[in-house]
Amino acid sequence: MNERLTDVDFSNDIESKELPSYQLTVVMHRHGPKVGVAGPLTGEGRERSQEVFDDAYAGIASDTDEGVDVVYSDLHLVDPNAKRAKETADVAMASMRQRGEKVRSVTTDERLSEGQMSKHEAFIESLGGRSGKYLKGWMELEQSPIKGVKTGKETAAGVAEWMLEKIIDLQQRGRTQEIEAFSHGPVLAAFLLRLEELTGQSILPDNWMELSPMRSHLDFLRSFNFFTDSKNPESFSVNFSGKKITASLDVLREMAGQEAEVEIIQPRPLASGAEATV
């Protein structure tokens, strides 16, 4: 049964009890090069993804013996052609396993998607156009005019809500968790832009919107790192492109909009036979 976001205590009253030792690391990746504006990975996209992840995982051991958790956008369940995040996750998992890294779980989550925005060309053009030019207008929307398409704030709220769920679980149970998450350019952009807005700090280059942001700074296979642990249980840090923001968990709570009527969607586990093959 789905819980309501308003029913979940994101504050967790951490000062009233001793927390178990925990650590959460999330690497949020954009998928590899795709076919057209909304298709699956190209052949080159698969090759580039394999090169990137082979290099990334070479000689790097996980901080936990339990293995890495993998999660990716569920957009392919809405549009079977839009499987680029899943395909990129498949390539990454194959690279992990080849290097002896254990994949502890594989799930899919709708909160790692901006919805079917890429299928609505007129909507994107009305906000400024492709190559990320629409991002400013998209982030300013208070309500989406199209069913199945999220606003930028709603997209960022979903990511923040998902992260808070992971943190609360670790604060209750205690352990080290590493998550490799696979999503889409607008999702990464929405989270980072909202983070900048709520903290007043900068993590994207000052002139990034004057360029082609999706190509210049949020290109295929780019990623940011999210980290928090029991040593500083009321703060988190985000690293992207050599820059870092450290902030209170209250920022995530505000981003998630815990007073809003938003459902917490439980991640959808995959059957063992459905785990990725490359």
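**Close-up views of a predicted model**

In the protein chain, residues 24 or more positions apart account for 78% of the contacts (heavy atoms within 4.5 Å) with a separation of 6 or more. This is a predicted model, in which local features need pLDDT of at least 70 and side-chain atom pairs count only at pLDDT 80 or more, while totals for chains, interfaces and linings use all residues. Residues are numbered from 1 along each chain as its sequence is written, and side-chain values use heavy atoms, with hydrogens and water left out.

**View 1. The protein chain has nine helices and ten strands.** Helices (H or I, at least four residues) and strands (E, at least two) are DSSP runs, numbered from the N terminus. Of the 278 residues in the chain, 53% are buried; buried means under 20% relative accessible area, with a 1.4 Å probe and protein chains only.

**View 2. Helix H7 spans residues 185-199.** From first to last C-alpha, the 15 residues of H7 reach 21 Å, close to the 21 Å expected at 1.5 Å a residue; the expected span is 1.5 Å times one less than the number of residues. Twelve of the 15 residues are buried, so H7 is largely enclosed by the rest of the structure. Among them are Phe191 and the charged residues (Asp, Glu, Lys and Arg count as such) Arg194 and Glu196. Gly200 follows H7 and has a positive phi, near 75 degrees.

**View 3. H7 packs against helix H9 (residues 249-256), with axes that come within 10 Å and cross at roughly 120 degrees.** Axes are lines fitted to C-alpha atoms, for helices over the stretch in contact, and angles run from 0 to 180 degrees between N-to-C directions. The crossing is right-handed, a term for the near helix being turned clockwise from the far one by less than a right angle. On the H7 side, Phe191, Arg194, Leu195, Leu198 and Thr199 meet Val251, Leu252, Glu254 and Met255 of H9. These residues divide into six nonpolar, one polar and two charged.

**View 4. Strand E7 (residues 235-240) pairs with strand E6 (residues 223-229) and with strand E8 (residues 243-248).** Two strands pair if DSSP finds at least two bridges between them. E6 and E7 run antiparallel and are joined by three bridges, with a hairpin of five residues connecting them. E7 and E8 are also antiparallel, over six bridges. Asn239 is the bridge partner of Asn225 and also of Lys244 in E8. Two residues lie between E7 and E8 in their hairpin, where Ser241 in the turn has a positive phi of about 50 degrees.

Technical notes:
Buried < 20%, exposed > 50% of the residue type's maximum accessible area, 1.4 Å probe, protein only.
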